[in-house]
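These are my notebook entries on a single model. I set down what I looked up, in the order in which I looked.

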Amino acid sequence: MLAVLAFTAACSPSAGKPVPEEPPTTSSATPSTSVKPSSPRPREIKVDGLRPCDLLTTEQLPGLKIDRPGRSVTSDFYQTTACSWTVTGASNRLTPVTREGIEEWTGGKRTGRPTEIEPILDFPAITVTLPSDPAACDVMVDTADGQYLVATFSVLPGFEDRFPEPCDGARQLAEAAMQNLSK
């Protein structure tokens, strides 16, 4: 429960001040098992130099149940800038990671449970979940050597009936961003 509260607090607005993000690797003591995406990337899409809040279009926001503009936040864990869209009852975040490849999650070195999922626009993807935090899910899309996109979705307790399951919400977020990146 403490992990849920820590993650929920990290994804909730707090009087307009950025809240430090809790990396998924510190919330659980369960090491990941080795999972390597089995499908190759159709091409490389570099995510360095992107403005994370531009990864979604204004037209895509209502379909994702996002009713507010995104705000840039610092991701200390990934040492980069992310974009957070927090709405009443849920949080969405996109983080372009450029300092490591997705294999950091699939190689069994990180805490979290990686699971290979259907590719997103033919790009290999995994979910990373924590057994101690069923209200949140990360979908990670392998975009290029040493780079990937993280789509995080979480639902606050009491709002589960208004939003998709966490991994479904994270996948929808990743699909929307990848549609724009692959243009």
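Predicted model: local features only at pLDDT ≥ 70, side-chain atom pairs only at ≥ 80, totals over all residues.

Entry 1, the link of Cys137 and Cys167. I looked up the torsion of this disulfide and found 90° about the S-S bond, a right-handed link. The S to S distance is 2.1 Å; I count a disulfide where a pair of cysteine sulfur atoms lies within 2.5 Å. Cys137 sits in strand β6 and Cys167 in helix α3, 30 residues apart, and the pair links distant parts of the chain. Helices (H or I, at least four residues) and strands (E, at least two) are DSSP runs, numbered from the N terminus. Residues are numbered from 1 along each chain as its sequence is written, and side-chain values use heavy atoms, with hydrogens and water left out.

I then checked accessibility at both ends. Cys137 counts as buried at 1% relative accessibility, whereas Cys167 is partly exposed at 27%. Buried means under 20% relative accessible area, exposed over 50%, and partly exposed in between (1.4 Å probe, protein chains only).

Entry 2, the other disulfide. I found two disulfides in the structure. Cys53 is joined to Cys83 with S to S 2.0 Å, and this link is right-handed as well, with 95° about the S-S bond. Cys53 lies in the loop between α1 (2-11) and β1, and Cys83 in strand β2 (residues 80-87), so the pair ties together parts 30 residues apart in sequence. Cys53 is partly exposed at 22%; Cys83 is buried at 0%. With the bonded cysteines numbered in sequence order, I read the pairing as 1-2, 3-4.

In which order do the seven strands of the open sheet lie? I read β1-β2-β3-β7-β6-β5-β4, with antiparallel pairing; two strands pair if DSSP finds at least two bridges between them. The twist averages 25° from one strand to the next.

I followed individual pairings next. β5 (residues 123-130) and β6 (residues 133-144) are joined by five bridges, and Leu130 stands opposite Asp133 in β6. Eight bridges join β6 to β7, where Cys137 faces Phe153. In the hairpin of these two strands, which has two residues between them, Gly146 takes a positive phi near 75°. β3 and β7 pair over eight bridges, with Leu94 opposite Ala151.

Nine of its nine residues are buried, so β7 is largely enclosed by the rest of the structure. Both faces are covered: Gln147, Leu149, Ala151, Phe153 and Val155 are buried on one side, and Tyr148, Val150, Thr152 and Ser154 on the other.

The buried residues of α3 include Ala170, Leu173, Ala174, Ala177 and Leu181. Its buried residues pack against β3, β4, β5, β6 and β7, contact meaning heavy atoms within 4.5 Å.

Key:
Axes fitted to C-alpha atoms, helices over the stretch in contact; angles between N-to-C directions.
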